[in-house]
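With the model open in your viewer, please follow this tour from one selection to the next.

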Amino acid sequence: MAISWRQKVFERYLGREIYAATALVLVAFLALFAFFDLVHEFEDIGHGGYQFHQAVIYVSLTLPGHAYELFPVAVLIGTLYALTMLARHSEITVLRASGLSTRSMLLALARLGLVFALLTFLIGEFVVPPAEKAAQQLRLQAMSSVIAQEFRSGLWVKDEYAFVNVQEVLPDNSLRRVRIYEFDNDYRLRSISEAGAGEYLPPDRWRLTNIAQTLFDGERAQVAHVAEAEWRSALTPDILTVLMVVPERMSLTTLYLYIRHLADNQQKTQRYEIALWKKLFYPLASLVMMALALPFAYSHDRMVAVSIKVFTGVMIGITFHMLNGLFSSLGVINSWRPLYAAVTPSAMFLLAAAGMLWWVERR
């Protein structure tokens, strides 16, 4: 009972140290990224109506995305620093001599890490997608530019038996210069419709204006002009948001719906499936990082400066961040199973943490 009470006191103390250190590291990282992002935006200030204050707002809106990506790195460095300071003052040695086992230490870190995991999930699911979308819309509206032009001919989307070509998608999700190529069940061209503009009407319609439609019937073709017409389509503004927000910063719901849309139209879903699995497992990376920091505390050496261990943590965190992006790209290129591509970096670091703990315990 005494050990349990002592462990609870230690866990509260450890949590306070880790949370404070992690918050400080995360703020420092965000300040650094914000500075470099703002410097990068200087190149575009003055284009259209894009001004300095809008660049500041844009950079501020992208910070939640950086926070989401950097959370495991900040947790690793913050935990490493807190545990190293405790080891330096021999507090961990005293606690271990008092009966605190490695298993108890890992459980304490896991309970503290659940807060980081939950916070990472909430930020990634409910803060990053709207913030990222607002940032891109602000920048695009200020610069009077389009969301995407995948090819010189515009954006192409397959919608069941139709291929849709859109020259411009504006920040308010309205369309400009739309072509719709409709085919029958045997994939014979049935009609070509050209519209000057399109406006979305929830839940599944578009209002097209200034339409010229060419109907094909055998060897005959008939051209008709219509001022306005409604067009039913699975294409929605939510789907168009993938043109502004990278898959890793989309919400789970948006990713799932877009994957279904691509699958229904027999298009590749690999990149978005990997992003979906990463969204599910990425919050758990904070727990892995905390486990990885523990061996450094157990293998403390008074001759080794805290700064060296913190630097080591920074390098490990950067490696983890790079491997996450690398395995996502390799998964798409090599058509790996999305689940494997998403969880492999975290699994590798978890195995490394287990191996380091085993080695330290043997010593």
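Rings of Phe, Tyr and Trp, taking the six-membered ring of Trp, count as a pair if their centres lie within 6.5 Å. With that in mind, select Y19, F71 and F116, which together form one aromatic cluster in what is a predicted model.

Where pLDDT is low, the predicted coordinates should not be read in detail.

Next, display strand 3 (residues 175–183) and strand 4 (residues 189–201), which run antiparallel and are joined by eight bridges. Within this pairing, E182 stands opposite S191 of strand 4. The two strands form a hairpin with five residues between them, and Y187 in the turn has a positive phi of about 60°. Moving on to strand 5 (residues 205–217), you will find ten bridges pairing it with strand 4, again in the antiparallel sense; here S193 has Q213 in strand 5 as its bridge partner, and three residues lie between the strands of this second hairpin.

Return now to the aromatic rings, of which twelve pairs are found across the whole structure. Select F163 and F183: their ring centres are 5.9 Å apart and their planes lie at 85°, so this pair is edge-to-face. Because F163 belongs to strand 2 (residues 162–169) and F183 to strand 3, the pair ties together parts that are 20 residues apart in sequence.

Finally, centre on Y68, where the charged end of K279 sits over the ring, 5.0 Å from its centre, and then on Y58, over whose face R139 lies at 5.6 Å from the ring centre.

Key. Residues are numbered from 1 along each chain as its sequence is written. This is a predicted model: local features need pLDDT of at least 70, side-chain atom pairs count only at pLDDT 80 or more; totals for chains, interfaces and linings use all residues. Side-chain values use heavy atoms; hydrogens and water are left out. Two strands pair if DSSP finds at least two bridges between them. Helices (H or I, at least four residues) and strands (E, at least two) are DSSP runs, numbered from the N terminus. Rings of Phe, Tyr and Trp (its six-membered ring) pair if their centres lie within 6.5 Å; planes under 30 degrees apart count as stacked, over 60 as edge-to-face and the rest as tilted. A charge sits over a ring if NZ of Lys or CZ of Arg is within 6 Å of the ring centre and within 35 degrees of the ring normal.
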